[in-house]
Every structure is written in C-alpha cells, then in structure tokens.
Amino acid sequence: MRPWSTSTERALRRLLNEWDPIGVADDVQDEYDCMLAPLLGRLQQGAGRAEIGAFLTHESRDHFGLDPSLLRPDATAARVIAWWTGGGRTEGATGP
C-alpha cells in the first residue's frame with residue numbers, strides 16, 4: 001500500500017485530467033479533484049478495475065451529468081489500476 005502524498009495526488013490528478021470527461025482540464029486543473037480522495041481511498045483498500053470503473057461511471061453520470069458510455073470509464077479505470085500497481089509510473093502519469 002502506497003502512502004498518500006502530494007505527489008500521489010498530483011499523479012492521479014494528471015490521469016483524471018488526461019481523461020477529462022467534461023473537456024475543461026486545459027483551463028481548470030482541479031476540476032476532478034472531487035474524485036481524488038474517493039479514488040485514493042478505494043485504491044488503498046485494494047479496489048480493482050471493476051470497482052474503479054464503476055466509480056468513474058457513477059461520477060460521470062450522477063455527478064457530471066454525462067453519458068458514461070461515451071467516456072470510456074473502464075479504459076480510464078485500467079490506466080488508474082496500472083498506475084497504482086506500477087508504483088505510479090505509467091505514461092502520462094510519472095511520479096515526482
């Protein structure tokens with residue numbers, strides 16, 4: 001289990017901003033920060049791709065009011081899990 005740190009939050013923020021479901025990350029870097037703590041909590045508790053994908057689907061639909069089928073939350077969940085299990089070092093989301 002990786003400790004929760006500023007660099008961990010930054011790396012996860014980068015992944016969420018690359019996903020950018022509402023298309024504002026270039027202008028608003030903290031738009032998806034509402035998902036950081038819930039995602040990190042789930043990851044620290046051992047959540048897998050399905051649980052992360054379900055969370056992203058829920059947030060897309062219920063928080064942001066978007067059609068998750070157009071956003072590929074499962075692909076983003078796979079990237080998040082790969083980043084987490086890889087120690088935070090994947091393309092587009094490198095550590096400090």
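1. Start with Asp33. Asp33 is partly exposed, with a relative accessible area of 26%. Residues between 20% and 50% fall in that class, so Asp33 is counted neither as buried nor as exposed. Please keep in mind that the model is predicted.

2. What does Asp33 pair with? Its salt-bridge partner is Arg13, and the closest N and O atoms are 2.7 Å apart. The pair links distant parts of the chain: Arg13 sits in helix α1, and Asp33 lies in the loop between α1 and α2. The two are 20 residues apart. Arg13 is partly exposed too, at a relative accessible area of 21%. Burial requires a value under 20%, so Arg13 does not count as buried.

3. Now the overall fold. The protein chain has four helices and zero strands. Read from the N terminus, the order is α-α-α-α. The chain holds 96 residues, and 40% of them count as buried. Its accessible surface comes to about 5200 Å². Carbon and sulfur atoms account for 49% of that surface.

4. Contacts across the sequence deserve a look. Take the contacts between residues at least 6 apart in sequence. Of these, 58% join residues at least 24 apart.

5. Helix α1 is described in some detail. This helix covers residues 6-19, which makes 14 residues. From first C-alpha to last, α1 reaches 20 Å. That is close to the 20 Å expected at 1.5 Å a residue. Just after α1 comes Asp20, which takes a positive phi of about 45°.

6. Which residues of α1 are buried? They are Thr8, Ala11, Leu12, Leu15, Leu16, Asn17 and Trp19. An α-helix has 3.6 residues a turn, so residues three or four places apart point the same way.

7. Is Thr76 buried or exposed? Thr76 is buried, because its relative accessible area is 8% and the cut-off is under 20%. Leaving aside residues up to four places away in sequence, Thr76 touches Trp19 and Leu56. Trp19 is one of the buried residues of α1.

8. How many salt bridges does a search of the whole structure find? The count is four. Side chains of opposite charge can pair when their charged atoms come close. The Arg13 and Asp33 pair, described above, is a salt bridge.

9. The side chains of Glu18 and Arg79 meet at 2.9 Å, N to O. This pair links distant parts of the chain, with Glu18 in helix α1 and Arg79 in helix α4, 61 residues apart. Glu18 counts as partly exposed, at 39% relative accessibility. Arg79 is likewise partly exposed, with a relative accessible area of 34%.

10. One more pair can be checked by eye. Arg61 forms a salt bridge with Asp62. The closest N and O atoms of Arg61 and Asp62 are 3.4 Å apart. The cut-off is 4 Å, so the pair qualifies. Arg61 is partly exposed, with a relative accessible area of 42%. Asp62 is partly exposed as well, at 48%. Exposed would require over 50%, so Asp62 stays in the class between.

Methods: Residues numbered from 1 in each chain as written. Predicted model: local features only at pLDDT ≥ 70, side-chain atom pairs only at ≥ 80, totals over all residues. Heavy atoms only, no water. Buried < 20%, exposed > 50% of the residue type's maximum accessible area, 1.4 Å probe, protein only. Contact = heavy atoms within 4.5 Å. Areas by Shrake-Rupley, 256 points an atom, 1.4 Å probe, with all protein chains shown as cover. Expected span 1.5 Å × (residues − 1).
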